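User: Please take me through this model, starting with the contact between its chains.

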Amino acid sequence: MSSSHSVASRRIKLLLPFLFVSLHDPCTAAGKTAGTIASRLGVAVQKSGTACLYIHNPDLANGSPLILVLLSPPQSTTKAEVVRPAPPSCSSIDTSDADLKSYEIRSSGGAPLPATPSIAVSGFSGRFQARGKYVTADINQDGQPEFFRFCASSDGLHLTVWSRKPLRGQRRWHQYYYLGYDVEPNCTPAETRTSGH
Amino acid sequence: MALSGPQWATHFPTSSSTDDLTEPFRSAVNRFLSALRGAGATVSISATLRPPERAYLMHYSFRIAREGFDPATVPAMAGVDIQWVHSAPDGSPSSSASRHAAEQMVQAYGIVFRPALGSRHTEGNAIDVDITWQGDLTISNAGGNPITITTTPRSGAGNAALQGVGAGFGVRKLASDAPHWSTDGH
């Protein structure tokens with residue numbers, strides 16, 4: 001017992017420096033955060049009378065709860081849930097993104113789902129807070145609030161989530177939504193870049 | 001004049017044919033797409049010309065339905081014989097009936113954000129096209145010389161080398177919109 005304990009102690013001592021580097025490597029930490037967020041954030045929108053969810057997560061079960069963040073100020077939230085994998089009426093919002101999965105969703109809070117695109121949050125049990133005209137939540141549980149935004153480019157919308165401050169903080173998540181018609185662009189380059197989070 | 005309503009959504013459809021583009025962009029696009037297909041790339045066009053009449057109908061139906069725009073003040077457009085103002089049973093103008101008809105148009109078009117009145121698409125100077133390939137892509141550039149693209153992503157949306165080839169043909173990528181190419185990158 002004491003011998004095996006001693007061996008284990010020596011192994012832990014040898015591994016400690018690597019564990020420390022791993023836990024404090026900002027790239028590794030950011031990568032884990034981004035990975036987690038990408039599977040928990042998506043876009044909800046009504047299409048041809050069907051409420052659709054688009055998300056990089058193929059494993060959402062029927063009945064999975066969602067919080068939808070309505071993006072036009074003053075922002076608010078409403079509850080929804082996954083109904084089933086998407087019917088054909090939920091056509092893709094980004095045909096260049098083969099990993100984007102779609103589901104049919106429905107309201108679970110009594111309020112009708114918004115007609116305009118919203119950001120859907122799954123698997124999150126924390127609190128959403130109102131900050132002026134905006135809603136925030138600590139989605140990645142790092143002690144910093146995340147902000148929700150959208151803007152228009154020429155043919156589509158860019159939905160983003162930012163840590164600390166929108167546009168000036170770190171962009172944590174981005175999803176393009178191809179509209180199929182023209183809109184007046186008002187995005188900044190930081191909101192439309194496809195590299196990074 | 002025909003009253004506004006969802007039946008208008010089938011008029012003035014968006015084209016996916018390069019034949020509807022404006023010269024000299026049409027020829028530039030055809031040469032670029034021919035080079036892509038010759039190289040084995042997969043090309044899927046979602047939009048070329050979006051008729052200005054369609055943009056007009058989408059724009060004002062959205063503004064009446066969602067932004068409180070007065071239907072009586074919508075400017076007329078040549079070739080679009082639409083009556084935006086609906087009447088009540090007593091013959092007086094009905095803002096609620098007008099707004100309801102406009103909302104039906106918004107839903108028929110699938111509008112979720114205010115449409116623009118004009119763009120490179122309404123000029124016939126833009127194309128939305130998804131371009132993908134497997135492995136390396138050896139493509140003839142505008143000068144007829146083969147260029148081998150080994151970089152990723154293997155898509156028109158994000159590959160800088162392919163976008164450089166497109167620019168050589170006069171087909172320029174707009175970075176902010178995955179499928180969008182035009183005469184000037186706007």
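User: How many residues does the contact take from chain A and from chain B?
Analyst: This is a predicted model. Residues count as in contact if their C-beta atoms, placed from the backbone, lie within 7 Å. By that cut-off the contact takes 26 residues from chain A and 25 residues from chain B.

User: Which elements of chain A give two or more residues to the side that touches chain B?
Analyst: That side of chain A divides into 11 nonpolar, 10 polar and five charged residues. The elements that give two or more residues to it are β1, β10 (156–163) and β11 (170–178) of chain A.

User: Is β1(A) mostly covered or mostly exposed?
Analyst: A residue is buried if 20 or more other C-beta atoms lie within 10 Å of its own. Six of the seven residues of β1(A) are buried. The strand is therefore mostly covered.

User: Which residue takes a positive phi in the hairpin of β1(A) and β2(A)?
Analyst: β1(A) and β2 (residues 50–55) of chain A run antiparallel and are joined by six bridges. A:Lys47 stands opposite A:Thr50 in β2(A). Two residues lie between the strands, and the one with a positive phi, near 50°, is A:Ser48.

User: In what order do the six strands close into a barrel in chain A?
Analyst: The pairing in this barrel is antiparallel. From one strand to the next the twist averages 40°. The order in chain A is β1-β2-β5-β4-β3-β6.

Technical notes: Residues are numbered from 1 along each chain as its sequence is written. Chains are lettered from A and ligands numbered from 1 in the order in which they are written. This is a predicted model: local features need pLDDT of at least 70, side-chain atom pairs count only at pLDDT 80 or more; totals for chains, interfaces and linings use all residues. Two strands pair if DSSP finds at least two bridges between them. Helices (H or I, at least four residues) and strands (E, at least two) are DSSP runs, numbered from the N terminus. Axes are lines fitted to C-alpha atoms, for helices over the stretch in contact, and angles run from 0 to 180 degrees between N-to-C directions. Two residues are in contact if their C-beta atoms, placed from the backbone, lie within 7 Å. Ala, Val, Leu, Ile, Met, Phe, Trp, Tyr, Cys and Pro count as nonpolar, Asp, Glu, Lys and Arg as charged, and the others, Gly among them, as polar. A residue is buried if 20 or more other C-beta atoms lie within 10 Å of its own, exposed if 12 or fewer, and partly exposed in between; C-beta atoms are placed from the backbone.
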